[in-house]
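Me: I am new to this structure. Please take me through one part of it closely.

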Amino acid sequence: MAKDDTKKKPNHLDRSIDLGMDQFGRFVRLRWLWLVLLGIVMWYFIVAIVPQLSPPTPGLIFTYAFQILFAVMFIVIQFGALFWFLGRPRLYWVLPGETGVTFDDYKGNPEVLEAARRIVTLLQGVQEFRDIGGAPIRGLLLTGDPGTGKSYLAQCMSTEAGVPFAYASAASFKAMFMGMDVLMIRRLYTKARKLAREYGACVIFMDEIDAIGASRGGGGGMGMGMMGGMMGMGGTGSLNQLLMEMDPPNIETGWFKKIMRTLGLAHGRTQSQPVLTVGATNIPDTLDRALLRPGRFDRKVHVAAPTDKYRPEVIEYYLNKVQHEENISIAALSARLVEYTPVAIKHVINEATIIAHFDSRDKVSYRDLIEAQDVHEFGLRQLSELTSIERRRLAYHEAGHTVACYYLMDRYFPAFVTLHMHGDLEGAAAFAAWRQKETIITNSKEDIQARIQVALASRAAEEIFLDVNLNGVTADFASATRMAAMYVGAYGMDGTISSILAFPQVVGGGGGMPIPKMAERVEAVLQAQMKEVKQLFHNHSEAVIAVAEALIQREELVADEIKELIDEADSRKVMKSVLDDFEPLLSLPESTNDHSTVTNGNGRGNGTGSTTSRIIDSTLNSERNNFQIPPESNDIARFMEDDKPYWL
């Protein structure tokens, strides 16, 4: 019994004392600043005033209090100003309707637009959505190549939803000092929730979110040393704070309700305000897994460039914003601007307006758009001072690529050929370029063979029309060899099933070749395609000569000019062929009847054909006699990708 008496249950007084001590301890922890200030005042009173042995006057007390308050406020203001200047991210707040763009202005991706409409519907009727038990979407991740319209879509969503919109650059949250990034993200979401309480919801758009949302498994953390920690380069505080803000606990953040709850005048369950975080990135694979889980980025939408079906409406939308000629073909522009993003299309059209303005015209023409596209892809033209022999060599070299592309590559068209250098193609003395007519995903055996022939067409043209071998084919041969190696060892287009891609050491340049007689088979493919393209030039020699000679005179040719030259050359060839077919009829023996005029026609017909042949032979013989091969020099070719133009 004595043992039981020592374990008495705590009575009501004991519980009250414990509760009072807990409240006092909480007060000390939360109000320590006031306790420090009170201690300073008491110390100053004991040290400075008590030794005077006379009670202080009210004015003296007010003076001392003012001095202390001024010192405290001076320190607070200094630190506040420092943190305010250092804690300003690149952030722009836009109220509803100020973006000026709606879903009607978003073109080219109807599937993406439909996903955005659903999210806006949830933002507009979030309370009705909660009434049926649903939770508001907290995050939307937009991925895609630069210029596909990710930020533009976020602005449209904000306008349609009628809520405030915050545009933030994620890289600007990387602060100089450690902890500032956490403070900036916290302030951003605090203001967003305040606006959400006023407008019903709020949208935060973070561009290039991978700047703060990169995976934490890459050896980050505090391993950067003291300077890395002091200067904000180490740690993942910004990511951790972003994770918490996107999926916060149910806590009250409003100051008014905090006071009411402290005074005991407000009770009930707290609810977080509907804040939608829209992130955009080009490299989603680098984002942290915790950021991608449901509850943070609930939805992921890939924004791609417009397809062939929807690209015309993007072109028409931006073209209607400028003064342009009425006869511009939207279909023709769409065929030229394959795989262009909306931003790139807008840039080309704006560049065309600049060209028209400085040409003293008030409307954009189709020719302006072509020139603007060439400037966009190849850079500004740099005039080349070429000798007559170099001009002719380069002209026939590039004419070979151009004519081969015209006849062999059905899904492409020769778009541009020039003898001048361009700013974005350093080292290319001349080049021929072609563009897709449509979006291309797959290539057949004949397509690969055609591309190999186009690459080898420069050497074929040199040998047939100039009777020389030039050193400018280095990039062409390298490209053709690479395609032939893929033709044999990767695509299995010569009957091979084994793939060299299964042996990374071979692709990387080490180890032996796993496919038997790989080099011989690649060379056989190249030789076969060289014979094919030479035969093509023998059949269409007039077209090669027409393009090359026009290039020598004009120095640059665009798609319409190239097509016109080749079609005219083919017409002359057809006419010559027809005359040759009638030659037996025109060669009948002379007679004394009324049909003797046929003999004269025969003479004229043969004379015409022989004259054409003599002109071509004279041109080629003159070239062969006057052509001098300069000493071997360094290669001026720049090695480009397979599906890019070939450069000299």
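Predicted model: local features only at pLDDT ≥ 70, side-chain atom pairs only at ≥ 80, totals over all residues.

Start with the cavity. A search of the whole structure finds three cavities of 30 Å³ or more. Helix α19, residues 445–466, gives the largest share, three residues. By class, four lining residues are nonpolar, four are charged and one is polar.

Now the helix contacts. Two packed helices are described by the angle between their axes and the distance between the axes.

Take helix α8 (residues 180–199) and helix α11 (residues 237–246). Their axes come within 8 Å and cross at roughly 20°. Angles under 35 degrees count as roughly parallel, and α8 and α11 are therefore roughly parallel to each other. Their crossing is right-handed. On the α8 side, the contact uses Asp181, Val182, Ile185, Arg186, Tyr189 and Arg193. These meet Gly237, Ser238, Gln241, Leu242, Glu245 and Met246 in α11. Five residues of this contact are nonpolar, three are polar and four are charged.

Next come helix α5 (residues 110–124) and helix α7 (residues 150–161). The axes come within 9 Å, and they cross at roughly 35°. The crossing of α5 and α7 is right-handed. From α5, the residues in contact are Val112, Ala116, Ile119, Val120, Leu123 and Gln124. Their partners in α7 are Leu153, Met157, Glu160 and Ala161. The classes here are eight nonpolar, one polar and one charged.

The last pair is helix α14 (residues 311–319) and helix α16 (residues 342–358). Here the axes come within 10 Å and cross at roughly 40°. The two helices, α14 and α16, are therefore oblique to each other. α14 and α16 also make a right-handed crossing. Arg311, Val314, Ile315, Tyr318 and Leu319 belong to α14. They meet Pro342, Ile345, Lys346 and Ile349 of α16. This contact has seven nonpolar residues, two charged ones and no polar ones.

Methods. Residues numbered from 1 in each chain as written. Heavy atoms only, no water. 1 Å grid on protein atoms, 1.4 Å probe; cavity = no way out; pocket = protein on both sides within 12 Å on 5 of 7 lines; lining within 4 Å. Points joined across faces, edges and corners; volume = space filled by probe spheres on them. Helix = DSSP H or I, 4+ residues; strand = E, 2+ residues; numbered from the N terminus. Nonpolar A, V, L, I, M, F, W, Y, C, P; charged D, E, K, R; others polar. Axes fitted to C-alpha atoms, helices over the stretch in contact; angles between N-to-C directions. Parallel < 35°, antiparallel > 145°, perpendicular 65-115°, else oblique. Left-handed = near helix turned anticlockwise from the far one by under 90°. Contact = heavy atoms within 4.5 Å.
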